[in-house]
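Here is a short report on one protein model.

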Amino acid sequence: MPSALRDLENDTVQVLREVRGRFTNPALLWSMGKDSTTLLWLVRKAFFGEVPFPVIHIDTSYKFRQMYEFRDRWSREWGLDLRVHRNEKALAAGMGPTAATKLECCTALKTNALQEALGAGGHDAVLLGIRGDEHGVRAKERVFSPRDRSFGWDYRNQPAEFWDLRQAAVDDGGHMRVHPMLSWREIDIWEYVQQEAIPVPDLYFANDGNRYRSIGCECCCSPVRSDAGTVTDVVIEVRRSREGERAGRAQDKEDAAAMEKLRALGYM
């Protein structure tokens with residue numbers, strides 16, 4: 001393994017073990033995308049094939065069929081304590097991508113659903129596979145990022161993280177967001193997937209001249225033109241690309257500040 005990838009792997013494993021030691025009831029969010037699946041793979045490496053945390057899937061009910069199939073297969077094969085949570089009240093009221101703005105839909109079906117899931121599980125920390133290079137707002141994050149009891153993120157007043165010294169304290173009723181892969185880049189993910197032979201949904205690979213570079217709800221994702229049919233092809237393509245990874249994500253197009261608004265409210 002290249003030394004740069006080895007360093008990223010070691011740093012991430014260190015954070016994962018630190019979380020296990022410093023929090024009483026952490027959980028891991030799994031969207032079935034390449035980043036959170038890579039994080040799940042690293043958890044299994046950090047804990048010798050086991051995943052010692054509950055794995056939460058926040059299900060909007062609008063994901064790609066292939067993502068649900070991928071979730072069901074690998075949660076069985078990896079023996080995950082998988083907990084699927086949906087905002088049933090909002091769904092029953094008709095919330096969906098055609099019923100509201102993307103900001104309102106994501107808040108109800110993702111942020112509020114996550115709040116319900118963490119409250120029901122009593123989790124004091126949650127692990128996410130976000131990366132700083134994916135979006136400018138995510139680049140403002142810290143590895144350990146506290147949220148208050150209302151899920152708010154005070155991005156203007158974040159704790160410093162010098163020499164890997166991280167604050168683990170949260171306000172009463174709040175929780176800690178932990179981002180072990182914040183310093184990874186998109187190309188690092190794909191090179192690590194290639195190196196480790198990590199399974200990912202086949203949506204990432206070309207079909208009839210198109211593939212998805214970023215996946216989430218089917219109604220909010222658009223494919224990119226591509227002939228990359230293997231992981232090796234994707235690695236080559238990503239190295240050459242000058243287009244943003246989230247160029248096909250609808251919530252980023254509807255409102256230029258949508259991501260900052262979403263994350264301030266507690267979005268993943």
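Two strands pair if DSSP finds at least two bridges between them. Strands (E, at least two residues) and helices (H or I, at least four) are DSSP runs, numbered from the N terminus. The model is predicted: local features need pLDDT of at least 70, side-chain atom pairs count only at pLDDT 80 or more, and totals for chains, interfaces and linings use all residues. Residues are numbered from 1 along each chain as its sequence is written, and side-chain values use heavy atoms, without hydrogens and water.

**The sheet**

Strands β1 and β2 pair in the parallel sense over two bridges. L29 has I56 in β2 as its bridge partner. The open sheet has six strands, in the order β3-β2-β1-β4-β6-β5, with mixed pairing. β3 and β5 stand at the edges with a single partner strand each, so one side of each is left without a neighbour in the sheet.

| Strand | Residues |
|---|---|
| β1 | 26–29 |
| β2 | 55–58 |
| β3 | 82–85 |
| β4 | 125–127 |
| β5 | 144–147 |
| β6 | 175–178 |

**The helix and S36**

Contact means heavy atoms within 4.5 Å. Helix α2 packs on the sheet and touches β1, β2 and β4. S36 lies in α2, which spans residues 34–46. Is S36 buried or exposed? S36 is buried (under 20% relative accessible area; exposed is over 50%, partly exposed in between; 1.4 Å probe, protein chains only), because its relative accessible area is 6%. Not counting residues up to four places away in sequence, S36 touches L29, W30 and S31. A polar atom of the S36 side chain lies 3.5 Å from the backbone nitrogen of M32.

Definitions and conventions
Polar contact = N/O pair within 3.5 Å; in protein donor to acceptor, adjacent residues only side chain to side chain. Axes fitted to C-alpha atoms, helices over the stretch in contact; angles between N-to-C directions.
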